[in-house]
Amino acid sequence: MDILVSSNFERVMWFLAKEFAIATGTDERSSKKQASQDVLAWYQALKSSGGFGPIHKDILENGQRTFESDRALDPHTAVGTTAAQRSMTRAGTHHISLSAAHPAKFSEVAILALKDNAGFNFEEQVLPDELKALSQKATRVTKVDNSWKEMREIIKGLAEEGLESRSKRLIEVIFVLCRRL
């Protein structure tokens, strides 16, 4: 089987862009060309700015409305709920939108969507205690040259340290169990 695009994400983006072009009245052939141009533009934007954007106004507004109802959404879930709300309006049926992640995973976008709300405080209202605790922990960084051999040695050393510490803990547990017998 020969596939021209090996990235599932890129293929999904292309199909969504094509469907959007068709929904705006573009014919099949032109919609394929438009989808290819859109995906190329998105990847160029990602490469130059480090992200996709701009964030559509209705998605930001949906994030703000949801926050006002005491729930903050990550950007993926905000897009999903916005699409579900649009579809409910057209179809007149109920929808379920599943959350994709916690809004703290995308703090920049969550802050952008909610910063104008009076009294908004990301640290207090959105960031979970577990993530707050992470910022208090020590950070360990090992700089490595661009060498697979050096990386292999570092990984081997870490694995040996891990085995050694687990072995010591196992010996301690066995010793305690033996004393109880």
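Predicted model: local features only at pLDDT ≥ 70, side-chain atom pairs only at ≥ 80, totals over all residues.
How many salt bridges does a search of the whole structure find? I got five, taking a salt bridge as a side-chain nitrogen of Lys or Arg within 4 Å of a carboxyl oxygen of Asp or Glu.

Residues are numbered from 1 along each chain as its sequence is written, and side-chain values use heavy atoms, leaving out hydrogens and water.

I looked up Arg 152 next, and its salt bridge is with Glu 153, with the closest N and O atoms 3.6 Å apart. Salt bridges with shared partners also join Lys 18, Glu 19 and Glu 28 into one network. Within it, Lys 18 and Glu 19 have their closest N and O atoms 3.9 Å apart. Lys 18 is buried at 9% relative accessibility, while Glu 19 is partly exposed at 43% (buried is under 20% relative accessible area, exposed over 50%, partly exposed in between, with a 1.4 Å probe and protein chains only).

Then I checked helix H7, residues 129–134, which holds both Asp 129 and Lys 132, three residues apart, about one turn of the helix. I count helices as DSSP runs of H or I, at least four residues, numbered from the N terminus. This pair forms a salt bridge too, at 3.6 Å between the closest N and O atoms. Asp 129 is exposed at 58%, and Lys 132 is partly exposed at 27%.

Notes: Helix = DSSP H or I, 4+ residues; strand = E, 2+ residues; numbered from the N terminus.
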